[in-house]
Amino acid sequence: MKRFNIVGKDIPRADGRAKVTGTAIYTDDIKLPGMLYGRILRSPLAHARILHIDTKKAKALPGVKCVITGEDTPKIKYGNWRLFPNTQDEYPLAVDKVRFIGDEVAAVAAVDRDTAEEALDLIRIEYEELPAVFDTDAALKKGAPLIHEASPGNISLDRKISYGDIKKGFAESDYIREDVFTVHAVSHAYLEPCSTVAQCDLDGRITLWTSTQVPYIVQCLLASTLGMRENDIRVIKPYVGGGFGGKMEMRPWEFCAAFMAKKTGRPVKFTLTREEELATGRRRHPMKIYSKVGFKKDGTLVAKDLKIHLDGGAYNSMGPTATFLSGNFGAMLYRIPNYRYLGQHIYTNKPPAGAMRGFGAPQSLFAAETQMNMAAEELGIDPIDLRIKNAMVTGDKIPDVATISSCGFIESLKEVAKMSNWKRKRRTLRTGRGIGVGCYSFISGGVFNWFNTQYPFSAAEVRAFADGTVHLLTMASDIGQGSDTTLKQILAEELGLKMEDIRITAADTAMTPQADLGSWGSRVTLMAGNATLEAAKKIKEVLFGAISARYNLNVIYDMECKDGRIYAKGRPDRGMSFGEAVALVQKANRGKPLVARGHYTPRGKGLVTPAFSFGAQVAEVEVDRETGLVEVKKMWTAHDCGTVINPTGVEGQLEGSIHMGLGYALSEELVTKEGKTLNTTFLDYKIPSALDMPPGESICIETYEPEGPMGAKEAGEGLVSPTAPAIAEAVCHATGYRCKDLPITPEKILKGLRKK
Amino acid sequence: MNISGFEYFSPRSVEEASQLLLEKGKGAFVMAGGTDLLIKIRRKLLKPAVIIGLKGIPGLDKISFNRKQGLTIGATALLSDVAHHPKILRHFPAIAYAAKSTANTQIRNMGTVAGNLCNAAPSADNAPTLLAMGAEVILAGTQGERRLPLDQFFIGPGQTAIEPGEILTAIFVPTPPPHSGVSYQWISARGKVDISAVGVGVMVTMKGKVCSSAKIALGAVAPTPMRARKAEKILSGKVLSSRMIEKAALEASREAKPISDVRASAEYRKQMVAVLTGRALSEARQRAAKG
């Protein structure tokens with residue numbers, strides 16, 4: 001394997017100091033002269049027609065500068081799936097109808113927050129309440145209230161995947177099992193609530209600072225909803241305190257801030273409260289998963305028939321992608337010759353579900369991995385052995401989808417079994433203690449161009465200077481995952497420079513090259529990494545040529561840049577410093593700046609992703625058989641993310657994933673009653689605390705992904721999926737209670753115990 | 001934060017505070033740590049015209065212990081002070097543990113035991129142990145001081161027996177009789193840092209193997225923290241065997257009147273009252289044997 005100087009090292013994060021010292025500027029820290037504070041009025045009803053809105057009193061309140069409703073806006077629908085305009089089902093502010101408790105109806109901008117808040121209470125709205133539906137079964141019933149006129153039966157869209165011969169597959173199976181799984185809604189619970197500041201210049205152009213994962217998407221959708229040109233809008237991404245998929249769309253407050261800044265001529269800020277975030281924010285799709293699998297007696301998987309109802313809430317949001325990916329992940333990890341999937345995205349009168357770390361995988365894999373564990377039990381085969389028997393390997397093809405270009409899955413399974421002392425513990429743990437396994441595969445960015453971008457998927461510009469520094473400009477968005485550090489490492493490695501030689505400007509749509517689809521789907525390291533690498537290679541080409549000419553080198557000489565120098569390989573004396581080489585090139589070109597651009601758009605990589613990650617995780621738990629409380633004692637993880645660019649970064653992603661998976665499995669749940677979210681504070685929305693985090697051990701399996709920059713692929717999302725099925729299996733091992741409906745609560749465990 | 005528009009006073013004595021409270025009338029609220037009050041204001045559940053802060057009153061945060069009489073916890077003594085006080089840890093470990101089980105570190109560094117009681121949440125972590133130990137609250141008004149058994153202090157969710165103009169200045173916990181043991185047990189859905197879904201405090205006093213007196217208090221299973229008096233009666237004068245403990249635990253579970261909410265169902269809470277009462281009694285028995 002290739003030896004690296006900076007890649008693979010524990011380089012401290014570029015943003016670490018600023019964040020821990022409190023000097024990092026987040027959107028809500030921005031204060032502009034004359035700035036107004038905005039608040040949003042939300043629907044108190046789950047489904048209703050808007051008959052009349054009276055804003056007179058609110059407008060008359062001293063300090064209120066602007067009040068808008070849907071009627072004041074251009075009424076242009078939007079949504080991320082631009083390629084299919086009929087999926088764009090949202091207005092920035094409700095027009096005619098509200099579809100969930102929290103639907104945005106009006107907005108106020110005032111001189112301070114309290115005044116804006118007070119004005120909200122003065123807006124009078126007359127509603128005609130309509131019957132509503134709160135789960136997918138009710139939404140699908142004949143005669144159910146229609147949430148969107150354009151979607152009869154409340155099915156907003158469906159996705160199908162099919163290959164092999166499903167009938168023949170089951171006919172050839174010796175053992176078939178059918179199960180129904182349900183999974184619940186959880187919140188991203190990013191530390192920084194959504195926040196945005198808009199400013200309008202005298203030419204009517206907008207600058208928007210916003211907490212987002214997708215500056216370019218916000219730029220485009222803001223333009224289309226305002227009826228403006230894309231480049232008359234500039235989106236700047238300050239430091240972002242996490243997104244996890246919850247900030248990957250243009251959102252109403254971004255529209256309202258820009259629209260009201262234009263109207264008033266004053267900057268406008270919106271910052272959501274935690275209560276708003278939990279009560280009305282995007283969430284992970286609840287799903288009902290019908291899964292039928294067929295095996296041979298020896299454990300060989302033969303067929304799988306999967307049907308999923310996704311509870312999309314009131315709007316599509318990123319549901320179309322989740323609908324497809326749930327089916328894709330249903331077929332991952334194992335060789336399944338005969339596969340059929342039907343996913344239906346269903347409207348209900350609840351806050352919309354959207355993208356959330358794993359994007360369909362945590363749900364789909366909870367079902368798939370639990371079913372695998374159940375099959376192992378009934379077939380009398382060790383769960384890890386059953387997985388190894390069916391595991392995908394490098395070179396496997398998923399029909400119509402992709403070829404697996406690198407895969408360390410079997411190695412992951414073997415490693416995790418060794419680390420956790422699996423075989424012995426499965427046999428010898430006492431009652432109340434249990435050990436279980438769960439696995440994952442994930443995408444390294446999406447291929448399907450649903451946003452219908454005319455630009456590359458990722459782009460980078462590298463400017464080289466005679467003082468030996470370079471400047472990387474990219475629209476790739478660091479939202480806390482560490483991409484600024486990763487991209488700098490890749491660039492420093494390629495150019496033989498040090499981290500401190502590189503300045504990065506990331507995610508300012510007026511400054512950074514168009515475009516980048518944003519931070520989601522674990523795409524940044526691979527896609528922006530490749531774009532950066534391409535730009536760096538172009539710079540190198542030019543510098544190598546100059547050195548070659550300067551020293552009159554034989555054309556066969558290989559060149560190298562390392563430790564800040566550029567020279568002929570094997571003849572280090574024939575060379576000069578990076579800065580001197582840049583100066584030389586500029587001299588030869590009448591001072592022309594040395595700039596190169598790179599871009600990445602996947603080609604010939606199937607429909608889903610250029611590269612898949614893989615991994616396996618084992619959980620050990622202790623269950624209190626009287627209270628039903630679960631304590632996770634330890635987690636072991638072995639995973640394949642290709643070349644590790646930054647080990648600490650990967651470890652951080654792993655720990656964050658375990659934390660999120662722990663909550664998903666055991667304690668987090670947005671509880672709704674007739675569309676109203678009941679737990680809107682962190683007191684009752686139960687994220688595990690630092691004290692609840694189990695110790696863990698992990699290992700990265702070494703593989704080299706040919707499509708990835710320096711062999712790298714994703715590490716940020718896939719890891720969130722194995723935790724819930726691993727814990728569920730461990731709980732079953734400890735107590736006999738088999739969880740098929742997340743989360744695993746003490747009450748469910750006690751009821752399950754009784755049955756045994 | 002919507003907290004504009006109130007007057008803030010920082011009196012230097014209890015008399016002054018009490019006077020202010022009477023003068024300002026209905027819209028005036030007393031604040032110790034503020035960890036409950038400020039949240040209520042932010043959620044628009046309260047709109048105080050006046051807030052009277054107690055932390056400026058010298059000596060009100062005093063914790064004193066006298067073996068003959070007992071423990072006095074001043075109104076502004078922090079939860080973290082109580083949780084880490086060497087004498088409390090030594091002589092009243094269950095009180096320290098209950099304080100330590102309240103909320104999280106940051107809140108314990110602001111909030112007080114007295115405030116936790118005055119907020120009168122059914123789930124108040126510090127109430128069950130103090131109830132079981134026969135604690136009293138000391139209430140000072142312009143007319144002087146009165147002592148009220150904690151038993152009579154809680155009236156309903158968020159409601160106490162404090163009269164207009166009165167301020168809770170201290171909590172007094174009598175030193176338990178010899179051969180007594182106290183225990184606090186709680187449970188919640190989120191492991192180690194959380195609000196209690198159920199809490200149980202007990203004190204048993206032993207005469208050899210016989211339990212001469214048992215006090216059992218339950219939190220978060222009724223509109224106020226409550227005593228499980230029938231369960232107490234079952235144990236009184238009996239040999240404290242595991243079978244008797246189980247019997248009393250089941251009785252306590254029958255006495256509990258919990259509701260279902262997002263934290264737990266009523267059924268689960270009842271079940272947990274039995275489990276936790278059993279555990280608390282066993283631990284108390286053990287501690288009594290040592291004391």
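# Cut-offs and calls in a predicted model

Biologist: Why does Cys700(A) count as partly exposed?

Modeller: Its relative accessibility is 31%. Buried means under 20% relative accessible area, exposed over 50%, and partly exposed in between (1.4 Å probe, protein chains only), so Cys700(A) counts as partly exposed. Cys211(B), at 0%, counts as buried.

Biologist: What do these values rest on?

Modeller: This is a predicted model, in which local features need pLDDT of at least 70 and side-chain atom pairs count only at pLDDT 80 or more, while totals for chains, interfaces and linings use all residues. Side-chain values use heavy atoms, without hydrogens and water; residues are numbered from 1 along each chain as its sequence is written, and chains are lettered from A and ligands numbered from 1 in the order in which they are written.

Biologist: What makes Phe181(A) and Phe366(A) an edge-to-face aromatic pair?

Modeller: Rings of Phe, Tyr and Trp (its six-membered ring) pair if their centres lie within 6.5 Å; planes under 30 degrees apart count as stacked, over 60 as edge-to-face and the rest as tilted. Phe181(A) and Phe366(A) are 6.2 Å centre to centre with 85° between the planes, so the pair is edge-to-face.

Biologist: Which parts does this pair tie together?

Modeller: Phe181(A) lies in strand E8 (residues 175-183) of chain A and Phe366(A) in helix H10 (residues 361-379) of chain A, so the pair ties together parts 185 residues apart in sequence. Helices (H or I, at least four residues) and strands (E, at least two) are DSSP runs, numbered from the N terminus. Both Phe181(A) and Phe366(A) are buried.

Biologist: What makes Lys307(A) a charge over the ring of Tyr290(A)?

Modeller: NZ of Lys or CZ of Arg must be within 6 Å of the ring centre and within 35 degrees of the ring normal. Lys307(A) lies over the face of Tyr290(A), at 4.8 Å from the ring centre. Arg523(A) lies over the face of Trp520(A), at 5.2 Å from the ring centre.
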